[in-house]
Amino acid sequence: MASGRFPGKSADVAINNWTAPSQGRPLCVNGTPWILYLLEECVDNIWEYCSVVIGLISMFCFLLSTIPQVYEAYRNGKVEEAMSFGFLVFLLSGDLTSFAGCYLTSQLPIQVVTVVFYIFTDLILVSQFLYYKIKNSSSRKNPALKWVCFMWCGAGTLALLALPKLIIDNGSHLNTQSPASSKSVEITGYVCGYLASVFYLCSRFPQIHKNFQRQSTEGTSYLLFALAMMGNGTYGLSVIVVLPALKGSKQNFIVKHLAWLIGSLGVLILDCFVTAQFIMYRKNISAKSSALRHIPEVEPLLSEEEELTVL
C-alpha cells in the first residue's frame, strides 16, 4: 500500500534484486545496507536508491508539515476563525484510512509508526480547534476546560504510543491466513489507500472556501501547505525516478500507483491555489496591521465640535 503521505514499499520493484537463499550466502547480495535494514528493500542500482531517498524526503516533509500550524494556533489563539473544521476532519479521516491500509497490507513498522504520528498531530490540531472555539465563545473563563484538554491529549498520546506495538504484534496473524482470505484483506487494504487519497484531496476545498469567505489567511501557517507541496511533489518524483530500473511492465506499475499519483498531484494543484490566496490576501493583513497601528491609544472624550459647543 502506498499513500500520498507515505509511499510504501513496492515489491514489484525490488523483488527482482533478491537471490535464492543458499548456505552462507545472503539473500540481498549488492543491496544498500541501511535501506535493507530500515525498509527491508534490496536496492542495488542508482535509480532505486534515488527513489528511496526522495521517498524518505517526502515522508519527512509530511512529518513536519502540521507542526508549524500547531504553533501558529497556540500563538494566535483564534484557530477556529482561521482553519476550516472540514479540512481537519478530512485530514484525520485520510490518516485513519491510511493507517487501516497499513495494517491490512502488513506494512513495515516504520510506516505504521509514521502514520500513527500523523494521527497524533491531527488530533492535536482538532483538539486545539475545539478548545479555542469553546474558550473564545464563552464569556467567562473555565479552568476545567484546559485540564480536560490536557487529559484528552495525554490519554490520546498514551494510546497512540501503545498502538504501533499492538499492530506490529498482531500483523503476524494476517500473514498466516489462507490465500483467498489474505487476498481479500489485501484488496481491502488497497481500497483504504484509495479512500485516503480521496480524503486528502477533499480536505483542501473547505479551507480554500474558508479563506475566500474571510478574504484572509491570517491564523494559518503557510508552512503547513508548503511542506505538503514538497511532500506530494517528491512522492510523485520518487515513483517516476524508479521507472528506468523496472524489469517488469512499466504500465502495470503506473496503473498500480495511479490513484496515489492522481491524489498527490491533485492536492499539489489545490495547494497552489492556497499559495495564491496567501499572496493575494497578504495585502489585507498588512492593511489591517497598519490600521491598528494608527488607532490612537486613548480617544478624546469630546470631539472638536462638542468642545466648541461647550465653550
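1. Let's start with one residue in this predicted model. Phe85 has a relative accessibility of 35%, so it counts as partly exposed, since that class lies between under 20% (buried) and over 50% (exposed). You will find Phe85 in helix α6.

2. Which residues does Phe85 touch, once its neighbours within four places in sequence are set aside? They are Val126, Phe129 and Leu130.

3. Now step back to the whole chain. The chain holds 12 helices and 0 strands, so if you read its elements from the N terminus on, every entry is α, as in α-α-α-α-α-α-α-α-α-α-α-α. Of its 311 residues, 42% are buried. Its accessible surface is about 17,700 Å², and carbon and sulfur atoms account for 68% of that.

4. How much of the contact pattern links residues 24 or more positions apart? Among contacts with a separation of 6 or more, such pairs make up 81%.

5. The largest nonpolar core contains 20 residues, and Met83, Phe87, Leu88 and Phe225 have the most contacts inside it. Two or more residues of this core come from each of α6 (85–104), α7 (109–137), α9 (179–214), α10 (222–241) and α11 (250–293). Helix α7 gives the largest share, with 5 residues.

6. Not counting residues up to four places away in sequence, Met83 touches Gln69, Leu88, Phe129, Gln207, Lys210, Thr220 and Leu224.

7. Finally, the record. An unreviewed UniProt entry carries the annotation "transmembrane region" for residues 46–64, 85–106, 112–132, 144–167, 187–203, 223–246 and 258–281. What does the model show over two of these stretches, residues 46–64 and residues 187–203? Residues 46–64 are 100% helix and 0% strand, with the end C-alpha atoms 27 Å apart. Residues 187–203 are likewise 100% helix and 0% strand, and there the end C-alpha atoms are 24 Å apart.

Technical notes. Residues numbered from 1 in each chain as written. Predicted model: local features only at pLDDT ≥ 70, side-chain atom pairs only at ≥ 80, totals over all residues. Heavy atoms only, no water. Helix = DSSP H or I, 4+ residues; strand = E, 2+ residues; numbered from the N terminus. Buried < 20%, exposed > 50% of the residue type's maximum accessible area, 1.4 Å probe, protein only. Contact = heavy atoms within 4.5 Å. Areas by Shrake-Rupley, 256 points an atom, 1.4 Å probe, with all protein chains shown as cover. Core = buried A, V, L, I, M, F, W, Y, C linked by side-chain atoms within 4.5 Å. UniProt positions renumbered as here; feature names shortened; annotations may be inferred.
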